[in-house]
Amino acid sequence: MSVLKDGINGAGKQLGAFKKFISRGNVVDMAVGVIIGGAFGKIVTSLVNDIIMPLIGLAVGKLNFADLSVTVGESEIKYGSFIQAVVDFFIVAFCIFIVIRLFESFKKKEEEKPQEDAPVIKSDEAVLLEEIRDLLKAKN
């Protein structure tokens with residue numbers, strides 16, 4: 001019976017640790033980022049497959065990159081799909097680069113703003129030193 005009781009208590013401790021882990025803010029932020037990233041990936045894939053690659057194919061001579069392949073023996077190597085995936089990657093990477101640069105510029109502007117609203121809190125040592133200074137000034 002003791003083994004069963006320890007197993008239940010251990011599971012309760014694990015559940016509590018899991019709740020603590022999940023309730024942390026950065027885990028929720030990461031989950032939101034993954035969901036938004038997945039949706040963004042679908043948008044970029046559609047942009048590449050439905051707009052950019054047909055335009056590139058038209059410029060090259062009505063070439064559909066998705067149809068590019070080489071047959072080796074009984075296997076078909078679809079290098080056109082790989083080309084589309086590479087273009088897809090570069091577009092996603094460029095968009096992420098732009099978003100990060102925007103966030104950095106906003107953060108930099110926010111850091112440059114003077115913090116006039118925040119009251120200056122002096123330490124006890126600073127207050128004591130100011131009192132000594134004032135007493136010395138009054139003495140001279």
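Student: Where is Cys95 found?

Tutor: Cys95 sits in helix H3. Keep in mind that this is a predicted model.

Student: Is Cys95 buried, partly exposed or exposed?

Tutor: Read the relative accessible area against the cut-offs: buried is under 20% and exposed is over 50%. Cys95 has a relative accessible area of 26%, so it is partly exposed.

Student: Which residues line the largest pocket?

Tutor: Read a lining as a list of residues, then ask which elements they come from. Here the list is Ile36, Gly37, Phe40, Gly41, Val92, Cys95, Ile96, Val99, Ile100 and Phe103. Two elements, helix H2 (25-60) and helix H3 (79-112), each give two or more residues to that lining. H3 has the largest share, with six residues. The volume of this pocket is about 260 Å³.

Student: Which residues make up the largest nonpolar core?

Tutor: A core is read as a set of buried residues joined through their side chains. In this chain the largest one holds six: Val44, Val48, Met53, Phe65, Leu68 and Ile91. H2 gives the most to this core, namely three residues. For one member, follow the contacts: leaving out residues up to four places away in sequence, Ile91 touches Val44, Leu47, Val48 and Ile52.

Student: How many aromatic pairs does a search of the whole structure find?

Tutor: Two values describe a pair of aromatic rings: the distance of the centres and the angle of the planes. The search finds one pair. Phe89 and Phe90 form it, at 5.4 Å centre to centre with 65 degrees between the planes, which is edge-to-face.

Student: Why do Phe89 and Phe90 count as exposed?

Tutor: The cut-off for exposed is over 50%. Phe89 counts as exposed because its relative accessibility is 52%, and Phe90 because its value is 53%.

Student: What does the secondary structure of the chain come to?

Tutor: Count the elements, then read their order. There are four helices and two strands, and along the sequence they follow the pattern α-α-β-β-α-α. For burial, 8% of the 140 residues count as buried. Among contacts with a separation of 6 or more, 40% are between residues 24 or more positions apart.

Terms used. Residues are numbered from 1 along each chain as its sequence is written. This is a predicted model: local features need pLDDT of at least 70, side-chain atom pairs count only at pLDDT 80 or more; totals for chains, interfaces and linings use all residues. Side-chain values use heavy atoms; hydrogens and water are left out. On a 1 Å grid over the protein atoms alone, a cavity is a set of points where a 1.4 Å probe fits but cannot get out, and a pocket is an open set with protein on both sides within 12 Å along at least five of seven lines; lining residues have an atom within 4 Å of a point. Grid points are joined across faces, edges and corners, and a volume is the space filled by probe spheres set on the points. A nonpolar core is a set of buried Ala, Val, Leu, Ile, Met, Phe, Trp, Tyr and Cys residues joined through side-chain atoms within 4.5 Å. Buried means under 20% relative accessible area, exposed over 50%, partly exposed in between (1.4 Å probe, protein chains only). Contact means heavy atoms within 4.5 Å. Rings of Phe, Tyr and Trp (its six-membered ring) pair if their centres lie within 6.5 Å; planes under 30 degrees apart count as stacked, over 60 as edge-to-face and the rest as tilted.
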